[in-house]
Amino acid sequence: MVGRVHLIKLSVGTESIETLRDWQAGQRKLHKRDHGLHVTRMWPKRSAELLNDGSIFWIIKGLVQARQRLIGFDEIIGTDGIRRCGIKLDPELIPTTHAPRRPFQGWRYLAMEDAPADLPKSRSAEAALPSELQQELDALGLR
């Protein structure tokens, strides 16, 4: 049986889930795709585990705030002739409970049991709280 794992990645330059959603929608429209695509230099060695219900968790402003389901991988050959991995993403961004994370380069694997929980659908449209308050609530287990 194939295991299960997620990815975690910084969304550099993103201000909020909404700005990430808008940027991705623009990229899908520009490239005439019905899915998101994140291109990375390294191909995940655990791709079968990632496709077994895995997601990419996005760190925005130092906090994990959302995830997207992984739907596949495409080989992308750049104009420089270098092979890259195109991580195919479901277009739906799912808000999660916030979890602080330090910056890092590239992406990392994230164990299923360490992944932040999805926010209930009834809370997904809530306005964002100031990050300091969100961190305090998360630390107390109240968000």
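With which residue does R46 form a salt bridge? The partner is E49, and the closest N and O atoms of the two residues are 3.0 Å apart. A salt bridge is defined here as a side-chain nitrogen of Lys or Arg within 4 Å of a carboxyl oxygen of Asp or Glu. R46 counts as partly exposed, because its relative accessibility is 32%; buried means under 20% relative accessible area, exposed over 50%, and partly exposed in between (1.4 Å probe, protein chains only).

The structure is a predicted model, in which local features need pLDDT of at least 70 and side-chain atom pairs count only at pLDDT 80 or more, while totals for chains, interfaces and linings use all residues. Residues are numbered from 1 along each chain as its sequence is written, and side-chain values use heavy atoms, with hydrogens and water left out.

A search of the whole structure gives seven salt bridges. One of them joins D53 to R4, with 3.2 Å between the closest N and O atoms. D53 lies in the loop between helix 2 and strand 3, and R4 in the segment before strand 1, so this pair ties together parts that are 49 residues apart in sequence. Helices (H or I, at least four residues) and strands (E, at least two) are DSSP runs, numbered from the N terminus. D53 is partly exposed at 47% relative accessibility, and R4 is partly exposed at 42%. D80 and R84 form another salt bridge, their closest N and O atoms being 2.9 Å apart.

The charged end of R46 also sits over the ring of Y109, 4.9 Å from its centre. This term requires NZ of Lys or CZ of Arg within 6 Å of the ring centre and within 35 degrees of the ring normal. Y109 in turn forms an edge-to-face aromatic pair with W107, at 5.2 Å centre to centre and 75 degrees between the planes. Rings of Phe, Tyr and Trp (its six-membered ring) pair if their centres lie within 6.5 Å; planes under 30 degrees apart count as stacked, over 60 as edge-to-face and the rest as tilted. W107 is buried at 14% relative accessibility, whereas Y109 is partly exposed at 29%.

Two aromatic pairs are found in the whole structure. The tilted pair of W43 and F73 has 6.0 Å between centres and 45 degrees between planes. W43 is in the loop between strand 2 (36–40) and helix 2 (47–50) and F73 is in strand 4, 30 residues apart.

The largest nonpolar core has 16 residues, of which L7, W58, L70 and I87 touch the most other members. Such a core is a set of buried Ala, Val, Leu, Ile, Met, Phe, Trp, Tyr and Cys residues joined through side-chain atoms within 4.5 Å. Among the elements that each supply at least two residues of this core are helix 1 (17–30) and strand 4 (63–77). A second, separate core of seven residues includes I8, L10, A99 and L110.

Helix 1 also holds Q24, which is buried at 7% relative accessibility. Beyond its neighbours within four places in sequence, Q24 is in contact (heavy atoms within 4.5 Å) with W58, Q68, L89 and L93.

Strand 4 pairs with strand 6 in the antiparallel sense over four bridges; pairing requires that DSSP finds at least two bridges between two strands. Six of the seven residues of strand 6 (residues 94–100) are buried, so this strand is largely enclosed by the rest of the structure.
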